[in-house]
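Biologist: I am new to this model and would like a close look at a single part of it. Could you take me through the salt bridges and the residues that form them?

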Protein chains: 2
Amino acid sequence: MQNIITNAMTVYPQVARVVVAVDCIIFGFDGRQVKLLLIHRGFEPEKGRWSLMGGFVRGEEGLDIAAARVLKELTGLEGVYMKQLSTFGEPRRDPVERTVSVVYFALIDINQYAAPLSDRFRAEWFTLKKIPPLIFDHREMVTQALVRLRQDAETQPVLFELLPAKFTMPQLQSLYEGVFSRKFDKRNFSRKVLASGLIVRTKAKEKSGSRKGAFLFRLNKSRRTLRPVFEHIAN
Amino acid sequence: MQNIITNAMTVYPQVARVVVAVDCIIFGFDGRQVKLLLIHRGFEPEKGRWSLMGGFVRGEEGLDIAAARVLKELTGLEGVYMKQLSTFGEPRRDPVERTVSVVYFALIDINQYAAPLSDRFRAEWFTLKKIPPLIFDHREMVTQALVRLRQDAETQPVLFELLPAKFTMPQLQSLYEGVFSRKFDKRNFSRKVLASGLIVRTKAKEKSGSRKGAFLFRLNKSRRTLRPVFEHIAN
DNA sequence: TCAAAAGTGTTACCTCTACACCCATGG
DNA sequence: CCATGGGTGTAGAGGTAACACTTTTGA
């Protein structure tokens, strides 16, 4: 087994080299529920079980690039919101060979491309309450991603990545309720979101889904954070 | 150059293997200022410049374990608060050979062991405003760590890791002021911290540092978070 | 006795939460 | 005409921020 050294670099002697992979946690929102995209493994190890979408990092590829490539292979999507979560490296987490996995999570609007999916890979969306058993330490990765998603959603408008360009207030509220697993009061919710200045009401209405129709909103591009900074212990 | 495979595992064919390292960002507090521990490199590459303390991950070693080992090699400390920050893996970040570095940050009370330092390595504490140029992408690592430290400090009582078991209110306030780079009103600050129930006043006073003396406080072990959870968009 | 740091209370404002009814429309 | 989901306002409570003076004691 020859180690792959890609050019004439000198090397560190006596140092173990390991396989580095990326795994992608893909969250989606379909207008009603927050979901997680999983693939049904058609290969060993753990053939036939569910897992995150992953792949090995190539020789000349940075980690972010590798994650974007893996996401594209599965969903066909590019330019998606994607963030590094953390790295898993227990020596025996992958039974085949020691593999250090850098985990990313992505947020996408499910409806925008329900189509591109499922071809090369058997991929399915699962609601957060019905996640099947996952291989290796993937379940722990998902748990961490959810914690992080909530943290981020508290301070930054990340959840808008999961929505189409125009969305209704009830959709936005369902999204927040899904991510935080709790209900919000719709009057307080809409007042608070509007007060943030992040979204703007358009004149159009979405008429499917209710007889009355719901106003469509869009992001106000000039705003980037929900609050300047929040300090728990502060003046 | 033989790849090191530690046992009879089968392997993934055709996959690049790379060196995995850990780098430790060590924040400390001396009762007045928040500081960062750096080492003066006595070896190539970048000999003579400043860097974070790092080391390669060994064959049978998990990432957290590797980081703890590296921290111990430098400071002699064990059982310290340590958390994974993120992973850096640009192909040419290390000119010697491709190296993926998993970054950890640790929080310690400087006074507790000013001694154990500086022997094997030339290590020095730098205030956050006087960080020298660092090698590779270490400066970016530090920047990210500071952002994360602030985020964490907003929701969790992590900063207490930087303090001795007993500390004064002015010390605590300097710590928060150092981390957030701003001043707080001492009346509001102490009221707020005390209202959190996180700390308890003892009868003892710290008499050095002021003529009047300042009450010593200690952590109230039963409390774990500053607030249950905070939602920006919530009910 | 005075310089230096520690300690303490009140008020105005703003934000958060709880809560219930009317509106528009398609069937 | 009625069932369904969408939209809105108000009042009470709680938290935040601004603000200045007194205490202690070592030198």
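Modeller: Happy to! Let us start with a term: a residue is buried when its relative accessible area is under 20%, exposed when it is over 50%, and partly exposed in between (1.4 Å probe, protein chains only). This is a predicted model, where local features need pLDDT of at least 70, side-chain atom pairs count only at pLDDT 80 or more, and totals for chains, interfaces and linings use all residues. Residues are numbered from 1 along each chain as its sequence is written, chains are lettered from A and ligands numbered from 1 in the order in which they are written, and side-chain values use heavy atoms, with hydrogens and water left out.

A salt bridge here is a side-chain nitrogen of Lys or Arg within 4 Å of a carboxyl oxygen of Asp or Glu. Over all chains, the structure holds 27 salt bridges.

B:Arg93 pairs with B:Asp137 in a salt bridge whose closest N and O atoms are 2.6 Å apart. This pair links distant parts of the chain, 44 residues apart: B:Arg93 sits in the loop between β5 (81–88) and β6 (99–109) of chain B, and B:Asp137 in the loop between β7 (122–127) and α2 of chain B. Those names follow DSSP runs, numbered from the N terminus: helices are H or I with at least four residues, and strands are E with at least two. Both B:Arg93 and B:Asp137 are buried.

Another chain B pair is B:Arg49 with B:Glu46, and its closest N and O atoms are 2.6 Å apart. B:Arg49 has a relative accessible area of 32%, so this residue is partly exposed. B:Glu46 also counts as partly exposed because its relative accessibility is 26%.

Now over to chain A. The side chains of A:Lys83 and A:Asp152 meet in a salt bridge at 2.9 Å, N to O. Here too the pair links distant parts of the chain: A:Lys83 belongs to strand β5 (residues 81–88) of chain A and A:Asp152 to helix α2 (residues 138–155) of chain A, 69 residues apart. The two partners fall into separate classes: A:Lys83 counts as partly exposed at 24% relative accessibility, whereas A:Asp152 counts as buried at 4%.

For comparison, let us return to the helix α2 of chain B. Among the buried residues of α2(B) are B:His138, B:Arg148, B:Asp152 and B:Glu154.
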